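Here are my notes on this model, as numbered points. Have the structure open while you read.

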Amino acid sequence: MSLVINGLIILLFVWLLVRKIMPDKDVKQMTHDDLKKVMGDRKRQFVDVRTPDEYAGNHIKGFKNIPLHNLTTRLDELSKTKEIVLICQSGMRSNKASKILIKKGFAKVTNIQGGMASWKK
């Protein structure tokens, strides 16, 4: 009996972990090549969710720095009518930010695959 319960606990843990890591179905994914094509588009908002120190060290021109830990308190800086394009260092924080924004009613959210770690000018 305890073996079954342990197995169920492990399955639940794995399911929760996969769900947390996987992109939300409502979040569009964009490659760096796609990003280069839309940079400067005024119909989009570009947001870097890394820390201010990470942003200061290296960022893509045109991206506004709103750290993930401040995102919910700075939602008023974002328009719900424009697409929001998110980036972080690896894609994990921007994926989390995407999920937060979807839950807060933002319909057009895009995550940059691979984040700044794979950015090439």
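1. A word on terms before the fold: helices here are DSSP runs of H or I with at least four residues, strands are E runs of at least two, and both are numbered from the N terminus. Keep in mind that this is a predicted model. On that basis the protein chain has 4 helices and 5 strands, and reading along the sequence gives the pattern α-β-α-β-α-β-β-α-β.

2. Some overall figures for the protein chain. It has 121 residues, and 36% of them count as buried. If you take contacts between residues at least 6 apart in sequence, 66% join residues at least 24 apart. The accessible surface is about 7800 Å², with 61% of that belonging to carbon and sulfur atoms.

3. Which residues touch the most other members of the largest nonpolar core? They are Leu-71, Leu-78, Leu-86 and Leu-101, in a core of 16 residues. Strand S4 (83-87) and helix H4 (92-103) each supply at least two residues of this core, and H4 gives the most, with 3 residues. There is also a second, separate core of 11 residues, which includes Leu-35, Ile-60, Ile-87 and Met-116.

4. Leu-101 is worth a click. Leu-101 is found in helix H4 and counts as buried because its relative accessibility is 0%. Beyond its neighbours within four places in sequence, Leu-101 is in contact with Leu-71, Leu-75, Leu-78, Ile-84, Leu-86, Phe-106 and Val-109. Take Leu-71 from that list: Leu-101 and Leu-71 are 30 residues apart in sequence, and their C-alpha atoms are 8.7 Å apart in space.

5. Leu-78 next. Again leaving aside neighbours within four places in sequence, the contacts of Leu-78 are Gln-45, Val-47, Ile-66, Leu-71, Ile-84, Leu-101 and Phe-106. Phe-106 has something else to show: the charged end of Lys-80 sits over the Phe-106 ring, 5.3 Å from its centre. As for ring-to-ring pairs, the structure holds 1 aromatic pair.

6. Back to H4 as a whole. H4 has 12 residues and reaches 17 Å from its first C-alpha to its last, close to the 16 Å expected at 1.5 Å a residue. The buried residues in H4 are Ser-94, Asn-95, Ala-97, Ser-98, Lys-99, Leu-101 and Ile-102. After H4 comes Gly-105, whose phi is positive, near 100 degrees.

7. Is Arg-50 buried or exposed? Arg-50 is buried, because its relative accessible area is 2% and the cut-off is under 20%. Arg-50 is found in the loop between strand S2 (44-48) and H3. Outside the four places on either side in sequence, Arg-50 is in contact with Tyr-55, Asn-58, His-59, Asn-65, Pro-67, Ile-87, Cys-88, Gln-89, Arg-93 and Met-116. Arg-50 and Asn-65 are 15 residues apart along the chain, with 7.1 Å between their C-alpha atoms.

8. Last, Tyr-55, one of the Arg-50 contacts. Tyr-55 lies in helix H3 (residues 52-57) and counts as buried, at 17% relative accessibility. Not counting residues up to four places away in sequence, Tyr-55 touches Asp-48, Arg-50, Phe-63, Lys-64 and Asn-65. Pro-67 is 12 residues from Tyr-55 in sequence, and 9.1 Å separates the two C-alpha atoms.

How values were computed: Residues numbered from 1 in each chain as written. Predicted model: local features only at pLDDT ≥ 70, side-chain atom pairs only at ≥ 80, totals over all residues. Heavy atoms only, no water. Buried < 20%, exposed > 50% of the residue type's maximum accessible area, 1.4 Å probe, protein only. Contact = heavy atoms within 4.5 Å. Areas by Shrake-Rupley, 256 points an atom, 1.4 Å probe, with all protein chains shown as cover. Core = buried A, V, L, I, M, F, W, Y, C linked by side-chain atoms within 4.5 Å. Phe/Tyr/Trp six-rings, centres within 6.5 Å; stacked < 30°, edge-to-face > 60°. Lys NZ or Arg CZ within 6 Å of the ring centre and 35° of its normal. Expected span 1.5 Å × (residues − 1).
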